[in-house]
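Please look at the sequence and the structure first.

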Amino acid sequence: MKNKQQTFLKRFMPLIVFVVLVALLAVGLTLNPRLVPSPLIGKPAPAFELPLLLREGSFSSKELLGHVTLVSVWASWCFACRQEHETVKYLSQKGVRIIGLNYKDDADDAKNWLAKLGNPYQAIAADRDGRVAIDWGVYGAPETFLVDKEGIIRHKVIGPLSDEKNYQALMSVYESLEK
Amino acid sequence: MLNIISKRYDTRNLKSGALLLLVLLTGMTLVSSVTAAPIETFKFESVDTEKTFHKLSEELRCLVCQNQNIAESNADLAKDLRLEIYNMLIDGKTEDEIVDFMVQRYGDYVLYRPPFKPLTWLLWFGPVIIFILGMIFVVRHMRSQDTDGEDEALSDEEIERIKNLHAEQE
C-alpha cells in the first residue's frame with residue numbers, strides 16, 4: 001500500500017511540479033510591472049514651495065494640512081491625463097479638494113489645456129523642471145496622491161483615475177479618512 | 001550520445017562553428033557598448049567622482065523604461081535623475097546617501113541589486129534552497145535505485161540453479 005502511494009507520487013511528481021509552475025507564471029503574467037509601490041505611503045508629504053500656474057504667488061505643501069486632499073500630477077502633454085480629466089472634474093464637483101501639480105509642462109500649453117477641458121483644481125503648482133515630482137517619487141503622469149489632514153500620504157494611484165479599479169481603491173481610502 | 005555526435009559531424013565543422021559563434025558574440029558585445037553611449041556630458045573635478053557617477057547611474061533602474069538603467073535610458077526622468085545624481089555628487093554627497101535618496105522616493109525597486117532583508121531572504125536564498133532540494137532528490141533517487149537492486153538479489157534456489165548450469169556446461 002505504501003509502495004503504491006510512493007509510485008503514484010513518483011509518477012505524478014513532474015505533473016504536480018508543472019502545474020505549480022504554470023500557476024505561478026499565470027499569476028505573474030497578470031501582475032502589472034508598471035505598478036511600483038510607493039515607499040512614501042504612510043509618510044509625510046515631501047515639502048515644497050512652487051509658483052502657481054494661474055495666479056501670482058506660490059503654493060506651499062503646508063497648505064495641505066487641515067484638509068483631506070488629492071494631489072494630482074498632470075501635464076498637457078500627457079494623454080492619460082486627458083482620459084482621467086472627466087473623473088477628476090466629477091470628484092471636484094463632489095467637493096473633493098484637488099491640488100494640481102503641473103509636471104514638466106509649458107505654462108501656455110497647460111493654460112490652453114485647462115481652458116479647453118475645464119479646471120477642477122483648487123490650486124495648481126507649476127513644477128517646471130520636475131524637481132518636486134522627483135521628491136514625490138513621480139515617474140509618469142498621471143499620478144494621484146491622497147494626503148490626509150495631518151499631511152501624511154495615504155494612497156497613491158499610478159495611472160488614470162478613470163480606471164474603475166484605480167477609482168475604487170482611491171475612494172475607499174478617501175471615505176475612511178473623511179469619517 | 002557523444003559518440004553519435006562525433007560520428008555525424010566532422011570535427012573541423014565543429015571548430016569553424018565555434019569560431020563563428022565567437023565572432024557573433026564579440027559582435028554583440030560591440031553593439032551593446034555602442035547603444036550604451038552617454039547622452040549628455042557632465043564635467044567632474046576628479047576621476048573618482050566620475051567613476052562613482054557612472055557606477056551609480058548603471059546600478060539604478062529607470063522607472064520609465066524598466067529594463068534599462070539610468071545611464072542607458074533616454075527617458076526624460078532618467079535624464080533628470082542623472083542630473084540629480086550629478087548635482088548630489090558635486091555637493092559632496094556619498095554613494096550611500098545618493099542610493100538612500102533614490103530608495104526613499106522610488107523604493108527598493110530602483111536597485112538592480114536588491115538589499116538583504118527579511119522580505120528578500122527568499123530571493124537571496126531561493127536558488128540555494130532549490131539546489132539543496134535538488135541534491136536531496138538526486139541522492140534519494142540514487143539510493144532507492146541501489147536498494148531496488150538488493151531487492152532483486154538472487155535467492156538461494158536461483159544460486160543453486162546457476163551453479164548447476166555452470167556444472168552442466170563444464
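Is A:W77 buried, exposed or partly exposed? A:W77 is partly exposed, because 15 other C-beta atoms lie within 10 Å; by the convention used here, 20 or more such neighbours within 10 Å make a residue buried, 12 or fewer make it exposed, and anything in between counts as partly exposed, with C-beta atoms placed from the backbone. A:W77 belongs to the loop between β3 (69-74) and α2 (79-93) of chain A, where helices (H or I, at least four residues) and strands (E, at least two) are DSSP runs numbered from the N terminus. Although A:W77 and A:A141 are 64 residues apart in sequence, their C-alpha atoms are 9.3 Å apart in space.

This is a predicted model, in which local features need pLDDT of at least 70 and side-chain atom pairs count only at pLDDT 80 or more, while totals for chains, interfaces and linings use all residues. Residues are numbered from 1 along each chain as its sequence is written, and chains are lettered from A and ligands numbered from 1 in the order in which they are written.

**The sheet of chain A**

Chain A holds an open sheet of 5 strands with mixed pairing, in the order β5-β4-β3-β6-β7; two strands are taken to pair if DSSP finds at least two bridges between them. The edge strands, each pairing on one side only, are β5 (123-127) and β7 (153-158) of chain A. Direction ignored, neighbouring strands of this sheet are turned by 20° against each other on average. Strand β6 (residues 143-147) of chain A runs antiparallel to β7(A) and is joined to it by 5 bridges. Within this pair of strands, A:E143 stands opposite A:I158, and A:T144 has A:V157 as its bridge partner. The hairpin of β6(A) and β7(A) has 5 residues between the strands, and A:G151 takes a positive phi near 80° there. Helix α5 (residues 164-178) of chain A lies across β6 and β7 of chain A, at about 165° to β7(A), an angle taken between N-to-C directions on a scale from 0 to 180 degrees, with axes fitted to C-alpha atoms, for helices over the stretch in contact.

| Helix | Buried | Exposed |
|---|---|---|
| α3(A) | A:A110, A:W113, A:L114 | A:D108, A:N112, A:A115, A:K116 |
| α3(B) | B:F53, B:L56, B:S57 | B:V47, B:D48, B:K51, B:K55 |

In α3(A) the buried residues fall within an arc of 95°, so they line one face of the helix.

What covers the buried residues of α3(A) includes β4 (97-103) of chain A, whereas those of α3(B) pack against α4 (76-90) and α5 (95-106) of chain B. Just after α3(A), A:G118 takes a positive phi of about 100°.

**The interface**

Between the chains, 12 residues of chain A are in contact with 13 residues of chain B, contact meaning that C-beta atoms placed from the backbone lie within 7 Å.

Notes: Arc of directions from axis to C-beta. Contact = placed C-beta atoms within 7 Å.
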